[in-house]
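Here's a quick briefing to read with the structure open beside you.

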Amino acid sequence: MKKAIVIGATSGIGRGIARILVDNDYQVGITGRRTELLDEIKKEKPGSYITSAFDVKDFENIPSYLNELTQRLGRIDLLILCSGVGERMNDLDFWKDKNILDTNVLGFTAIVNWAFNRFRQEGSGHLAAISSVAGLRGNRWAPSYSASKAYQINYLEGLRQRARKMKLSVCITDIRPGFVDTVMAQGDDVFWVAPVEKAARQIYRALLAKRKVVYVTRRWGLLAQVMKIIPSWIYERI
């Protein structure tokens, strides 16, 4: 039986992926801030889930939490980081920005650091993280969110390059969703909103194929190519 950890499994994409992994004979360590939501998921298949409640902003203790969870699992083949925050802001607010950056930049970095080093130590492993199509360009409604996702995209690319240069058997998958039907898909201008179950299925198939970069749903890959080449003077007027 393979072993996985899903960071941020209490709702949305993380919860959907955790369920698919369990349905495909994984034992899954699930994390989140709220113990009651983790226990709710575990009740579905008690022998398939191991829970650990912590906040990804608890940077100093993340290695301890993950080491303890891995010890309970016995080993770890796959870690998927699904935890992230973002919101539409009509007015800039430093404290809201700080919360986003603490989670999406510092918390993200603490977790992927731990996972990469763990897989390096064990000789192999698969690290995947949910970034976003939003990380490809700036966004006037959520500047800190899009900036944090750009950080994640570049950090994951750096880890992939590092693994290759070190000749490590460590796969790095960058998952870039568009709009998925979660609480983060806010606003009147959202489109191509995918159900969580559909997004989770596509992500699982990408993990099986050990894809380096995957857009969810696939149509967002086409839009991403357009976004990359639009001149700034046009993009700023959109």
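Which residues in α6 are buried? In α6, the buried ones are V196, A199, A200, Q202, I203, Y204, A206 and L207, where buried means under 20% relative accessible area, exposed over 50% and partly exposed in between, using a 1.4 Å probe and protein chains only. Keep in mind that this is a predicted model, where local features need pLDDT of at least 70, side-chain atom pairs count only at pLDDT 80 or more, and totals for chains, interfaces and linings use all residues. Residues are numbered from 1 along each chain as its sequence is written, and side-chain values use heavy atoms, with hydrogens and water left out. Helices (H or I, at least four residues) and strands (E, at least two) are DSSP runs, numbered from the N terminus.

- α6 has 13 residues and reaches 18 Å from first C-alpha to last, close to the 18 Å expected at 1.5 Å a residue; the expected span is 1.5 Å times one less than the number of residues.
- The cover over the buried residues of α6 includes α1, β2 (26-32), β4 (78-81), β5, β6 and β7.
- Helix α1 (residues 12-23) and helix α6 (residues 196-208) have axes that come within 9 Å and cross at roughly 60°. Axes here are lines fitted to C-alpha atoms, for helices over the stretch in contact, and angles run from 0 to 180 degrees between N-to-C directions.
- α1 passes α6 in a right-handed crossing. A crossing is right-handed if the near helix is turned clockwise from the far one by less than a right angle, and left-handed if anticlockwise.
- On the α1 side, G12, I13, G16, I17, I20 and L21 meet V196, A200, R201, I203 and Y204 of α6, with contact meaning heavy atoms within 4.5 Å.
- Sorted by class, the contact of α1 with α6 has eight nonpolar, two polar and one charged residues. Ala, Val, Leu, Ile, Met, Phe, Trp, Tyr, Cys and Pro count as nonpolar, Asp, Glu, Lys and Arg as charged, and the others, Gly among them, as polar.

- Buried residues of α5 include S144, Y145, K149, Q152, L156 and R160.
- Those buried α5 residues pack against α4 (94-122), β5 (124-130), β6 (169-177) and β7 (213-216).
- α4 and α5 pack at an angle of about 10°, their axes 9 Å apart, which makes α4 roughly parallel to α5.
- The α4 and α5 crossing is right-handed.
- Among the residues making this contact are D97, I100, F108 and F116 of α4, and Y145, K149, Y155 and R162 of α5.
- The contact of α4 with α5 divides into twelve nonpolar, six polar and three charged residues.

**Helix α3 against α4**

- The axes of helix α3 (residues 62-73) and α4 come within 10 Å and cross at roughly 45°, so α3 and α4 are oblique to each other.
- The crossing of α3 and α4 is right-handed.
- I62, P63, L66, N67 and T70 of α3 make the contact with G107, A110, I111, W114 and R118 of α4.
- By class, the contact of α3 with α4 has six nonpolar, three polar and one charged residues.

**A115, tucked into α4**

- A115 sits in helix α4 and is buried, with a relative accessible area of 0%.
- Leaving out residues up to four places away in sequence, A115 touches L79 and L127.
- A115 and Y215 are 100 residues apart in sequence and 22 Å apart in space, C-alpha to C-alpha.

- Most residues other than glycine have a negative phi, and most peptide bonds are trans.
- K167 has a positive phi of about 60° although it isn't a glycine. K167 lies in the loop between α5 and β6 and is exposed, with a relative accessible area of 74%.
- Just after α6, K210 takes a positive phi of about 55°. K210 is in the loop between α6 and β7 and is exposed, at 54% relative accessible area.
- A cis peptide bond, omega about -10°, joins V216 and T217. T217 is in the loop between β7 and α7 (219-229).

Definitions and conventions:
Angles under 35 degrees count as roughly parallel, over 145 as roughly antiparallel, 65 to 115 as roughly perpendicular and the rest as oblique.
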